Amino acid sequence: MAQTVLILGGGFGGLSAANEARRLLPKDTDVIVVDRDEHFVVGAAKTWVALGDADPREVQHDKSRLAKRGIEFLRSTVRRIAVSEKVVDTDRGTIAYDYLIIALGAEIARDAIPGLSEGAHDFYTLDAAVRLREALERFEGGRVMVLNTRPGYKCPPAPYEGALLLADYFKKRDKKVEVSMVTFEGALPLMASGPDMGRFIVSELEKAGVKYVPQHRVVSVDPQSRVVKFENGEMPYDLLIATPPHAAPQVVKEAGLTNESGWIPVDRHSCAVNGHEGVYAIGDVATIELPGRFNPDVPLLLPRAGVIAEKQGAVVARNIALQLAGRNARAAYDGTAFCYVETGGHHAGRGDAQFYALPSPRSSPRTPSLEQFEEKREWIRETVQRLVG
């Protein structure tokens, strides 16, 4: 009997799962991707749009090209997930499935912090990146605050990379600007990647003249007086660029798939959703506690990142193929990932991490170089080709 693999979400994880499923599964298996967005955008390119180094049209890639690979793409919004009935309702009808892969990502929840929507810019959507570019072009100088608001956001180095690129942007334009990186994190950020990555980030911020202000959890933003209020004080700004809070889509909460964290808990190797056979969650919508810790009392969570979602998507598709073939072997996500952190001047440093390492996660960032910046550009090009063609 023909099977249907239904994939909700067309980002890194969903597209990876779709491509691997199509490659491995019988031709009579339906592989369907449902996403409300018609274009795939690599998140790393959004900062280029914000800084005027890329046109928005250049970084959008049409998902309809998936049809050439035998993958059905349905541009639609998911309205209801009924795992007990094995159906998903969309605004274009109901779809029955045999296997369900939830890759709906994280929603941007700017309104979770009073005043943030009105008082801050960000680069977490393409439209927001365009608005930030326009604001930067108008900005004449003063205090620029890059604000990291809450844990659980996607692409952990992004706010720190943003601060470094902004410092470089204003330096090239000879504008009198003070850039501060204010975060809820501690003396070393990105601790889920290990202390080496945190030391690398703090060192690069210092080299760029960016003031690092840790342990500041935001309460609200006053856009009229241009003041950010924290649990331990307040700070003024002239231009505020924030990493907004993230949240799981409401539809997965209504499906009863999330736990007290607000995200979908899954097995860290297979990404299977416990208690729901044939249901998987990958990428930003899922939560995975790491096996190692730096402090016995403080658990660490797997970061949200496109490269991780892509690996998870391939693992899930392979396990579906193995199951359908009646084989006992199982593929597993191994906890590895990498990222390129731009530091300005067309330099970037690659960091490789092993998040499942014991007794604690570890990483190995490299000294930034022009060559690694070009590697990042090539990685983006190859990623687009690999996932959408």
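## Asp 35 and Lys 63

Asp 35 is buried in this predicted model, at 11% relative accessibility. The side chain of Asp 35 meets that of Lys 63 in a salt bridge, with 3.2 Å from N to O. This pair links distant parts of the chain: Asp 35 belongs to strand β2 (residues 30-35), and Lys 63 sits in the loop between β4 (61-62) and β5 (72-75), 28 residues apart. Lys 63 is also buried, with a relative accessible area of 2%.

## Other salt bridges

The count of salt bridges comes to 23. One of them joins Arg 318 to Glu 20, whose closest N and O atoms are 2.8 Å apart. Here too distant parts of the chain are linked, with Arg 318 in helix α8 (residues 306-324) and Glu 20 in helix α1 (residues 12-24), 298 residues apart. Glu 20 is buried at 10% relative accessibility, whereas Arg 318 is partly exposed at 36%.

Glu 289 pairs with Arg 293 in a salt bridge, the closest N and O atoms being 3.0 Å apart. Glu 289 is partly exposed at 42% relative accessibility, and Arg 293 is partly exposed at 30%. Through shared partners, salt bridges join Glu 20, Arg 23 and Arg 318 into one network.

## Arg 217

Arg 217 lies in the loop between β13 (211-213) and β14 (218-222) and is partly exposed, with a relative accessible area of 33%. Its contacts beyond four places in sequence are Arg 150, Pro 151, Phe 184, Phe 230 and Glu 231. The C-alpha atoms of Arg 217 and Phe 230 are separated by 5.5 Å, and the two residues are 13 apart along the chain.

## Second largest pocket

The second largest pocket has a volume of about 740 Å³. Its lining has 25 residues, with Pro 151, Gly 152, Phe 184, Glu 185 and Leu 301 nearest the centre. The lining divides into 15 nonpolar, six polar and four charged residues.

Conventions. Residues numbered from 1 in each chain as written. Predicted model: local features only at pLDDT ≥ 70, side-chain atom pairs only at ≥ 80, totals over all residues. Heavy atoms only, no water. Helix = DSSP H or I, 4+ residues; strand = E, 2+ residues; numbered from the N terminus. Buried < 20%, exposed > 50% of the residue type's maximum accessible area, 1.4 Å probe, protein only. Contact = heavy atoms within 4.5 Å. 1 Å grid on protein atoms, 1.4 Å probe; cavity = no way out; pocket = protein on both sides within 12 Å on 5 of 7 lines; lining within 4 Å. Points joined across faces, edges and corners; volume = space filled by probe spheres on them. Nonpolar A, V, L, I, M, F, W, Y, C, P; charged D, E, K, R; others polar. Salt bridge = Lys/Arg side-chain N within 4 Å of Asp/Glu carboxyl O.
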